[in-house]
Amino acid sequence: MSPLREPLATFHVGHLERAGDTGAIAEQQLTARFADHRGRIELPALGVLFDHLGGIPYQLEQFKSGGFTIQARLSLSALGHIDVGDRLSCSADLATHDDQWGVTRVEIRTSTGRVCCVGSARNTVVGRSAELPTSLEDEAGGDIPDCADAHGALLPLAIEPSLPGHDIVTQLASGVRSPGPLVELLNGAVEIEGEGRDTVVRLRVRTEPWMGNMFGTMHGGVIATIVGQAASLAGQAHTAPGQDYTLADLAVGFYRSPAVHGGDVVAEVVPIKLGRRIGSFEVTLTSHDGALLSRGTADVHYC
């Protein structure tokens with residue numbers, strides 16, 4: 001398996017095809033492997049699908065000039081429940097572009113046709129390369145894996161409604177409660193300190209080669225997944241007993257991509273504004289030596 005395919009295969013993304021001159025479509029098979037500590041499939045599980053497809057339309061436009069593009073920023077909004085076992089379809093098309101920048105519209109639908117996630121990806125040309133692939137199929141094709149790696153992935157036990165969110169995240173950090181299959185897939189460890197509005201939540205991830213892109217650094221979709229999952233855990237930390245929540249909006253800026261040779265990256269989350277219905281959070285992703293990799297903002301909806 002090539003480095004480019006590994007994040008896609010791990011997150012069961014495939015059936016990638018061109019749609020028109022600069023559009024693209026793909027699918028993702030969801031399994032319990034991508035569930036969070038509540039047993040839910042939420043926006044972080046869609047990060048690799050959204051990021052990868054969001055980068056293709058502008059890259060297709062640049063094939064003719066030999067330009068190579070990367071993602072600069074993602075903006076995602078989600079609404080509604082997504083089932084474990086669902087098969088998602090994703091489409092992306094080039095909304096606007098010039099010689100240096102491109103903006104892609106991305107839409108993800110459930111198997112029933114309901115839109116569950118929409119957003120945009122901003123792309124930029126970073127140079128020229130004689131080694132660029134000449135077609136979408138060369139860049140990243142293939143079927144969705146058989147998902148055999150998901151066999152045995154168990155959903156976490158139900159959370160007792162009497163527990164406040166801070167206690168739930170404390171249990172995740174101490175190992176009393178499973179952090180969920182998605183965090184385990186990411187080699188993640190949860191940390192929490194402080195109380196109330198001073199609460200700081202961290203998701204520490206040990207990198208592995210499967211997380212890499214064609215350059216051997218971390219795929220942007222994996223970065224988005226880490227940032228989003230850390231924000232979701234911070235949202236949980238501020239729930240009242242029995243209160244539910246969902247990660248509704250996520251914006252991620254990419255500054256530097258870390259190597260995937262076993263070092264840690266740390267996503268630290270602090271609240272910006274906590275209200276009754278919406279909590280806003282800032283996420284800072286750094287490498288093991290403190291270098292800034294990414295920064296994100298997230299809105300959590302409480303219900």
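Me: Buried means under 20% relative accessible area, exposed over 50% and partly exposed in between, with a 1.4 Å probe and protein chains only. What is the nearest side chain of opposite charge to the buried residue D51?

Reply: This is a predicted model, in which local features need pLDDT of at least 70 and side-chain atom pairs count only at pLDDT 80 or more, while totals for chains, interfaces and linings use all residues. Residues are numbered from 1 along each chain as its sequence is written, and side-chain values use heavy atoms, with hydrogens and water left out. For D51 the nearest side chain of opposite charge is R73, 12 Å away, where Lys and Arg count as positive, Asp and Glu as negative, and His and the chain ends are not counted. A salt bridge requires a side-chain nitrogen of Lys or Arg within 4 Å of a carboxyl oxygen of Asp or Glu, and D51 has none.

Me: What does D51 touch, beyond residues up to four places away in sequence?

Reply: D51 is in contact (heavy atoms within 4.5 Å) with Q71, L74, H219, G220, G221 and F254. D51 itself is placed in helix α2; helices (H or I, at least four residues) and strands (E, at least two) are DSSP runs numbered from the N terminus.

Me: Why is I168 called buried?

Reply: I168 has a relative accessible area of 3%, and is therefore classed as buried. I168 belongs to helix α4, residues 165–174, and, with neighbours within four places in sequence left aside, it contacts H37, I159, L163 and Q236.

Me: How do you know that R87 and E27 form a salt bridge?

Reply: The N to O distance between their side chains is 3.3 Å, and the pair is counted as a salt bridge. R87 lies in strand β4 (residues 87–97) and E27 in strand β2 (residues 23–29), so that distant parts of the chain, 60 residues apart, are linked. R87 is partly exposed because its relative accessibility is 32%, and E27 is likewise partly exposed, at 25%.

Me: What makes E268 and R202 a pair, and is each of them buried or partly exposed?

Reply: The closest N and O atoms of E268 and R202 are 2.7 Å apart, and the two form a salt bridge. E268 is in strand β10 (residues 264–274) and R202 in strand β8 (residues 200–206), so the pair ties together parts 66 residues apart in sequence. E268, at 32%, is partly exposed, whereas R202, at 16%, is buried.

Me: How many salt bridges does the structure hold, and which residues are linked in a network of them?

Reply: There are eleven salt bridges in the structure, and the residues D36, R38, R40, E42 and D244 are joined in a network of such bridges.
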